Amino acid sequence: MSKKTHIAFALFLSSYLFRSDPKLLLFIPVIFVSAMLPDLDLALRSIPFIEHRKTFHNIWFMIAAIALLWILVHDPLVTRLFSIGIISHFLMDSLTKKGVMWLYPLSNWRISGPLRTGGLIDSLIGAASLLASIYLVGSYFAVF
Ligand SMILES: [Zn+2]
């Protein structure tokens, strides 16, 4: 998925959580960072062993990132929100043709879908996520 769609979907998740408990608004940055973290491999791909959709897009990276966060902050809520963000990233990327090799480097088996990153459906998911976020937050404040 495109960066815009990942951000829009993270906003949707944050808005949904906000509806369930407005205090969770304070944790929006956690979801945003975790939803974008796997694509750090794009920024670091000039380093020889780092490849996009491989190095940071697998279950081992996810477990290590969640464990590291748990060690650093030892907060169940922050860790849960971080996990939601990073899992949502993997699930959304799994909908694309390139997919995600969840078990890399142990296996090149991948989960992939029909969507093209940056394609129409990708953009529509991003737009729908954004509209849903606006609705969720707006209806909470009785704007709609
Ligand atoms: Zn990704």
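These legends describe close-up views of a predicted model.

View 1. Four residues coordinate the zinc ion: Asp-39 through OD, His-57 through NE2, His-89 through NE2 and Asp-93 through OD. The distances run from 1.9 to 2.3 Å. Along the chain, these donors follow the spacing D-x17-H-x31-H-x3-D. The angles among the 4 donor atoms span 90 to 169°, and the site is irregular.

View 2. Helix H5 covers residues 76–94 and holds both His-89 and Asp-93. Because they are 4 residues apart in this helix, His-89 and Asp-93 are separated by about one helical turn. His-89 is buried, as is Asp-93.

View 3. His-6 lies in helix H1. With a relative accessibility of 2%, His-6 counts as buried, because the cut-off for that class is under 20%. Thr-117 is 111 residues away from His-6 along the chain, and the C-alpha atoms of the two are separated by 11 Å.

**View 4. Ser-14 in helix H1.** Helix H1 spans residues 3–20 and includes Ser-14. Ser-14 has a relative accessibility of 2% and therefore counts as buried. Leaving aside neighbours within four places in sequence, the contacts of Ser-14 are Ile-28, Ile-31 and Phe-32.

**View 5. A nonpolar patch on the surface.** The patch is formed by Trp-60, Ile-63, Leu-103, Leu-106, Trp-109 and Ile-111. Together these residues have about 610 Å² of accessible area. One of them, Ile-111, is found in the loop between H5 and helix H6 (120–140). Ile-111 counts as partly exposed because its relative accessibility is 36%.

**View 6. Val-73 in helix H4.** Val-73 is found in helix H4, which comprises residues 59–73. At 41% relative accessibility, Val-73 counts as partly exposed, because this class lies between the 20% and 50% cut-offs. Residues up to four places away in sequence are not counted here; beyond them, Val-73 touches Val-78 and Thr-79.

Conventions: Residues numbered from 1 in each chain as written. Predicted model: local features only at pLDDT ≥ 70, side-chain atom pairs only at ≥ 80, totals over all residues. Heavy atoms only, no water. Donors = N, O, S within 2.8 Å, 3.2 Å for Na, K, Ca; no water. Tetrahedral: all angles 85-135°; square planar, octahedral: opposite > 155°, others 65-115°. Helix = DSSP H or I, 4+ residues; strand = E, 2+ residues; numbered from the N terminus. Buried < 20%, exposed > 50% of the residue type's maximum accessible area, 1.4 Å probe, protein only. Contact = heavy atoms within 4.5 Å. Patch = residues over 30% accessible without salt bridge, like charges linked within 9 Å, V, L, I, M, F, W, Y side chains within 5 Å. Areas by Shrake-Rupley, 256 points an atom, 1.4 Å probe, with all protein chains shown as cover. Salt bridge = Lys/Arg side-chain N within 4 Å of Asp/Glu carboxyl O.
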